[in-house]
Amino acid sequence: MSEVRAQDQAAYDAHAVRAEFPVLMQSLEKGLRPVYLDSGASAQKPRAVIAKEREVEEQYFANAYRGRYSFGARIDDELEGARTKIAEFLNAASSSQIVFTPGATAGLNMVAFGWGRRFVQAGDEILTTLMEHHANLVPWQQLARERQAILRFIPLTSDGRLDSERLGEVLNERTKIVAVCGMSNVLGTVNPIAELVRRAHQFGACVVVDGAQSVPHLTTDVQQTPMDFLCFSGHKLYGPTGVGVIYGRSERLEEMDPILFGGHMIERVWPDHSTWAAPPARFEAGTLPIVQAIALGAAIDWIRQHGLDRIHRHEQSLLRDLTTRMQSLPGMTIYGPDTPHKGAIVSFRIAGLHPEDLAAMLDRRAVFTRHGHHCTMPLHDLLGVSATTRVSLGAYNTTEDLDALLEAVQFAFQKLRPTQRA
Amino acid sequence: MKLNELLEEYEELSDWGEQCDFLIDLGRDLPPLPEEDHTDCNIVHGCQSRVWLTTELDAAMDPPTVKIQADSDALIVKGLIAVLLAAYAEKTPVDILETDITGLFERMGLHRQLSSSRRNGLYGMVERIRSFAARSLSASVRTVP
Ligand SMILES: Cc1ncc(COP(=O)(O)O)c(C=O)c1O
């Protein structure tokens, strides 16, 4: 407790945090330091996470839930320890509500086809938004086609927020599923999940939250906000690739069908049929990404050690600073709402500079951003552009990173502006 | 610019920064594609940036050569298009099918500098040009008495 209080009082030292990430401490060609502004795609890993992966591989790796020998027992403890850490991080009532998956995409598909296929009937409605990542849109399209259900979209405001006032137009007793991201990976919009859950539950709808972007930046409390399912990925949470999580309310997990069948997920197998183990094992057929799942536990420890609230405040302060500085650039359009309604993502276009050219110029300054449609084609259609440039921030970004970005944008102006013939 | 001149200049350049500037300059000098050719059916898919491409057989030449015009909304892509057009300049369908574009781009180190999706776009363009060449070839074979 006293540790937490002391931590709250100490100023957040982004340089010290950055120094925990070996990949960011390198010196690149021409003495440039990497300015990593693509955490929304994948965050970098602190030394503690890398060390944990190494520890497992070098000291006690074995398959999980199988060996009675000492390595196997240690692996089981570590894996269940990671599950418990994740449950605590989300304030889940029990670690049995935490299912390890290969990632957010896999989790959303498992919910769509494990829960949705069982409960969605012809004529039912699935409510989602046009700001979803394809991972939280395409599975619902497929389910809707298969079940002859209807896909509907919560209207957006002109600045890219969900229009709560118009929610009544699309939410009704036919709504079976509401699938929404906690935070948009392009606009940065933080969605009012608590309100959505409350209103969706009035109609008995099941709320599936794509937490891929929100879980790394905002405190998630699954009891205070009783969403039905929450899916996210480890690699955006300073953890490894290949592992993710489904959190599910116990009664929802109980009634969800597995979509992968095989070892570990069964209770008893006969030649012609089988019965299933209880969740979470029911949804964890085959060998898990053991090392990655354990290291995800270390990533959660790392986040809790620094405090997600403090990381969030730091990111928001960088975000405000960045937004102000970017808005003063000529021809700048930033997509999405103002800073109080969004997390640490800025997607933009600069008139006369193509995102692809801009990204190449920024790369020459070792400023790593992302450009394209960011797996949100319908959103880009809505915005009326084929591509945007996206800057996404993480715990390790500093004011110097923003300086480097702004300097690199000036460099791009110089090189790419039509009047400036080299 | 002719391909050999282009390569000569390019290979003088010492790093990616200079090469990138050179490509941008080539892009700026790319002959414009007529506005009416910027149509959806001339768009090459697989690009993060948009590429428009037209191909026609220039029957005034003997043997007929393939006339290619292209444009992109991104300058660097326009530069890459300029390289491609130099490699295919005034070539017959047979010559086009025999041109080793992958080898050329590898020689220029551009396979590495390009993001995979951008490369797909470029290779998508190559695919279209090659299939046009193959089609005109089989058409001309059929018209031979
Ligand atoms: C909002 C959102 N949902 C889902 C995903 C998919 O995550 P993954 O590729 O790890 O499965 C992403 C990743 O970009 C995302 O940003």
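Here are some notes on this predicted model, point by point.

1. Some conventions to start with. Residues are numbered from 1 along each chain as its sequence is written, chains are lettered from A and ligands numbered from 1 in the order in which they are written, and side-chain values use heavy atoms, with hydrogens and water left out. Because the model is predicted, local features need pLDDT of at least 70 and side-chain atom pairs count only at pLDDT 80 or more, while totals for chains, interfaces and linings use all residues.

2. Let us begin with the domains of chain A. Domain 1 covers 3-33 + 307-419 and domain 2 covers 50-305, with bounds from an automatic or database domain assignment. Their C-alpha centres are 28 Å apart. Domain 1 of chain A gives 36 residues to the contact and domain 2 of chain A gives 31, where contact means heavy atoms within 4.5 Å.

3. Which residues are around the ligand? They are A:Ala104, A:Thr105, A:His133, A:Ala135, A:Asn185, A:Asp210, A:Ala212, A:Gln213, A:Ser233, A:His235 and A:Lys236, a residue being listed if one of its heavy atoms lies within 4 Å of the molecule. This shell divides into 3 nonpolar, 6 polar and 2 charged residues. For that division, Ala, Val, Leu, Ile, Met, Phe, Trp, Tyr, Cys and Pro count as nonpolar, Asp, Glu, Lys and Arg as charged, and the others, Gly among them, as polar.

4. Now for the polar side chains at the ligand. An N or O atom in the side chain of A:Thr105 is 2.5 Å from a ligand oxygen. For A:Ser233, a polar side-chain atom lies 2.6 Å from an oxygen atom of the ligand, and A:Lys236 likewise places a polar side-chain atom 2.6 Å from a ligand oxygen. Taken alone the ligand exposes 400 Å², and the protein buries 84% of that (accessible areas by the Shrake-Rupley method with a 1.4 Å probe; for residues, only the protein chains shown count as cover).

5. A:His354 deserves a look. It sits in the loop between strand S12 (345-350) and helix H12 (355-364) of chain A; helices (H or I, at least four residues) and strands (E, at least two) are DSSP runs, numbered from the N terminus. A:His354 is buried, at a relative accessible area of 6% (buried is under 20%, exposed over 50%, partly exposed in between, with a 1.4 Å probe and protein chains only). Its side chain reaches the backbone nitrogen of A:Glu356 at 2.9 Å.

6. Next, some backbone geometry to check. Most residues other than glycine have a negative phi, and most peptide bonds are trans. A:Ala366, not a glycine, has a positive phi of about 60 degrees; this residue is in the loop between H12 and strand S13 (367-368) of chain A and is buried at 3% relative accessibility. A:His374 also has a positive phi, near 50 degrees, in the loop between strand S14 (370-372) and helix H13 (377-383) of chain A, and is buried with a relative accessible area of 8%.

7. There are cis peptide bonds to inspect too. The bond from A:Pro279 to A:Pro280 is cis, with omega near 5 degrees, and A:Pro280 is in the loop between strand S10 (274-276) and helix H10 (290-306) of chain A. In chain B, a cis bond joins B:Asp62 and B:Pro63, with omega about -5 degrees; B:Pro63 lies in the loop between strand S2 (51-58) and strand S3 (65-72) of chain B.

8. Finally, chain B as a whole. It has 7 helices and 3 strands, in the order α-α-β-β-β-α-α-α-α-α along the sequence. Of its 145 residues, 45% are buried.

Methods. A polar contact is a pair of N or O atoms within 3.5 Å; within protein, one must be able to donate a hydrogen and the other to accept it, and residues adjacent in sequence count only if both atoms are side-chain atoms.
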